[in-house]
Amino acid sequence: MREGKTSILLFSLFLVWGACDLPTKNPDFSFTADVQAPLIFDKSFVFLGPDGSALDALIDTTKTSFDSLFTVSSRSEEIFIVQEIDAFDVGDIGQAIDPVNADPVDLGVSIGELATPSFAGTIAQQIGVYESDAASAPPIPPAVEGSSAYYPAEAGGLFAPPDNDFVDLSGSTMTGYVFTAESGTVNTLTFTVSNNYSEVLTDGSFAPGSIPDLVVETASGVEIARQSFDRAPAPGQTAIATVDLAGSTLPAGARFRLDVGTPSGFQPIADDPTIIGIAAASTLIRYDGVVLSSLPAQTDIGDSNSEFTAAGELDFVGLVTSSGSIEITIDNNLPVPIVIDDIRLSNVDAFDTYSAGHTFAMTSGQSIAARSSLVIPISLGSTGISRTIRATIFASSPGSTGSVTLLSQDGITLTIQADTEIDRAYFRPNGEEFSTAGNVQVAFDEIQLSDPGDYIEIASGLLQISDLINNLDVSMDLVEITFPQIRTAPYGSSDSLRIRFQGGVDNPASHIFKALSRNAAPRNIDIDLSSVRLYSVAGALDYNLHARAEESSQVRVLASGDDISSTITAQQIQVGAIQATIDPLTIHVTDDSNSDGLLDVLQPEESIETSLSAVNDLAAFGFSSLSLAGSELTFELSTNVEADYVLYAAIAGLDSEGAVTYLGGRGNMEVLPSDTLVGTFVANGAPLSASDLIRIDISSVEAAQSTVVLSDANSSVDDFINSLPGSVRIAGIVILQPGGGPVSIQLPVDLDIGLGASIPLRFRGDATFAKTVSADLSGLNNLADDESSVSLDAAIIRLSYENEIPLGLDARIRIVDGNGAPTVTIPALTEPSMTIAASETTEFGTASTASSGVSEIAIDRATLLQMAQGADIELLLNVSAGQQGVRRVRASDQIKVDMSGEFDLKVSTGN
């Protein structure tokens, strides 16, 4: 560019210099001379500089336009045009997630929870165990029958017939006794045998040394049990046998037989029973039941006057119900059916307007089969029930004609279960404790707290407890509300948010507030939720309320409308951090301004515009039809969120005339026509094709920065840059965690997308370079004027060069007048241009061996006259990298050019 201007000026100066040395006065004659001009121009240029070698530069980086445009690799000296473009702020992901949405919850504890409207009691009436006191009988001779000796069971009053107050056994024959399972000091019989004979007693085998036995048998002689005496008694000695009756059934009429004899046989005993004496003693005998041949009809079964205390958490004096019911379950554990003649439930104590003896429930007429149950519901209206209740029971039975076994646990059990609506409760507070529970439904948009360790951490917000009031006629020493899934630091399972109302001083920092006095005024409490974490796996936050009443000797009255109530709401919640599993989250890089679901890349409201100033500078430098290779665009994703991302974008480049080129993806960045997001992007309302879009996957960004380079291998970046887009518009969508899954987010979220350009001067194909320089060529008029004493008939300009730049140059000079209209082009467009051959290149496209050559330009008088009309010179250069591969220009590449001329001058003398 500069060489063209310099050549013309030197050429003009040479002509003026030549004219000054020629005669201009008489004699009057003219002649023509050929003049070989000295060297007009001799200059060496470095491609990019200054570089410290004192050579001028074809591209001078000291110029304001280019001082920051070029970057030179310190290793290869390759030249790059580099630009860092400001980041695009995607915005706050926290606002896109908007995870916390909790509806207000009314929290209340009414008399229903406090007064225990459900209560129960049980009355068990049983036959019971009958006892026979310990007894003893002096020695008596046995009764001899045939060859056997007996001690009768009834002898000495060892057994008394069982009886009870529950069932009338008169008129029934007992056929057996059932003993309890107790032993040792209970249910034991001891028999002592004394030997009054002259020989040792034996057993019934009469064998010398054998030991007598005591045999328990039925009246018909069936053996029930056998027990040996402790020895065979010698004359004058005794022997002892102990019989354990525990858990056995002894038939009526059972006998105790002595299996005894002498060495002489049984005959000595048969002849004189007094040679043996038998003494008996019993411990306490306990009967578990009795076997009867039949049981007569019964007219009065049971206890008609039993009391029980209603079981409940509140030690109430009495309850006044508004409605409800009582279920009486009667278990008939007798072996005979019964008929309920009358059951009445009445108060033992008086309270309020209800006197002692007030009957609040009664029933009769129900039949219950043997060993069966019956549930009898009784409706309650408005009535009073004291804590101690008397149950009056009258029952009868038709009896049984068959064998009947009555056991001690047989009887009638009355179970009373009340479920009431309470109008008033009368009680003396004694530090009663009660609890209730519930949950706050919350919605976590696009988030699942599926793992026990997942949470949402709140940066700021309030838990408002509004209109908290104790309308009960009892003060609360303690009211505690806990939220197991709302935790404070250090966030362990024991760090639940705990709000306590206790004592007389508020301490909000510790979530402690004054106790709730009886009939107090409403209060509003704000709980700071900063830094708390929400843990939930089911879309609800549980709460538990625990309370403890005061202790007082005064009777308090709780009415049905009295309660402890409040409303809990979450206000001004700002999320600070999230650790959870999320669904794919779509975030708009640019706004959908008209909410039509489309992003228009050519509309300012729905795209981001930036200037690609490096490309503007190339255009200003004069290049057109440029074909550069190896360009790169760099996307930098800067974020503090550890996750995977996908950026879908329409990137439109606009040149100085408004033509649009799109940056399309290739390979793994290609957007397929089937991708559902293709239809999201338009340009001035017209749909964009998939090839006009790009998809950038950014995997496993670990809360830092990730860089993605767009090259010709994965995008159409070379075509995009070669279109010289001075401005770039971007419309985009980012998908966070496109496959869904766990994510850790610290808010506020920074998600910025930066764009950078790196364009190496690697030429491919041809490009046109144009540069306009100012020049005043009016002095050429005298050289071409026929009236001038010295004029130019013709000239030849010789251009010699040595080129170490791997680019060929075809040069033309176009002269334009003051209006910008062309006057002449040198060489003419119909003639070949001046040619400077490219240097030879290496396999990498860099210069190796310099090329050299000479080009000539012929200028005639007519051309000279046209040149004389010029005001500016336009240098038109076709830069050729050839068709084979890419040419890489280094900053240190040089070109040497010299220019000389041969001129035909006409010299006139005289007039």
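Which residue lies over the face of Tyr455? In this predicted model, Arg533 takes that place, at 3.9 Å from the ring centre. Arg487 lies over the face of Tyr535, with 4.3 Å to the ring centre.

A search of the whole structure finds 10 aromatic pairs. In one of them, the ring centres of Tyr455 and Tyr535 are 5.8 Å apart and the planes stand at 50 degrees, so the pair is tilted. Tyr455 belongs to strand S35 (residues 455-470), while Tyr535 sits in the loop between strand S40 (533-534) and strand S41 (540-549), so the pair ties together parts that are 80 residues apart in sequence. Both Tyr455 and Tyr535 are buried.

Strand S41 takes part in another ring pair. Phe483 and Tyr543 are tilted too, at 6.4 Å centre to centre and 55 degrees between the planes. Phe483 lies in strand S36 (residues 476-487) and Tyr543 in S41, so this contact ties together parts 60 residues apart in sequence. Are these two residues buried or exposed? Phe483 is buried, because its relative accessible area is 1%, under the 20% cut-off. Tyr543 has 8%, so it is buried as well.

Now move to strand S21 (residues 285-292). Of its 8 residues, 7 are buried, so the strand is largely enclosed by the rest of the structure. Which strands pair with S21? Strand S9 (residues 130-132) pairs with S21 in the antiparallel sense over 3 bridges. Here Glu131 has Arg286 as its bridge partner. Strand S13 (residues 174-179) is joined to S21 by 5 bridges, again antiparallel. In that pairing, Phe179 is bridged to Tyr287. S31 also runs antiparallel to S21, with 4 bridges between them.

Ring pairs link Tyr130, Tyr177, Phe179 and Tyr287 into a cluster.

Val404 counts as buried because its relative accessibility is 2%. Leaving aside neighbours within four places in sequence, Val404 is in contact with Val290, Val291, Leu292, Leu295 and Pro335. Val336 is 68 residues from Val404 in sequence, and their C-alpha atoms are 8.5 Å apart in space.

Technical notes: Residues are numbered from 1 along each chain as its sequence is written. This is a predicted model: local features need pLDDT of at least 70, side-chain atom pairs count only at pLDDT 80 or more; totals for chains, interfaces and linings use all residues. Side-chain values use heavy atoms; hydrogens and water are left out. Rings of Phe, Tyr and Trp (its six-membered ring) pair if their centres lie within 6.5 Å; planes under 30 degrees apart count as stacked, over 60 as edge-to-face and the rest as tilted. Helices (H or I, at least four residues) and strands (E, at least two) are DSSP runs, numbered from the N terminus. Buried means under 20% relative accessible area, exposed over 50%, partly exposed in between (1.4 Å probe, protein chains only). A charge sits over a ring if NZ of Lys or CZ of Arg is within 6 Å of the ring centre and within 35 degrees of the ring normal. Contact means heavy atoms within 4.5 Å. Two strands pair if DSSP finds at least two bridges between them.
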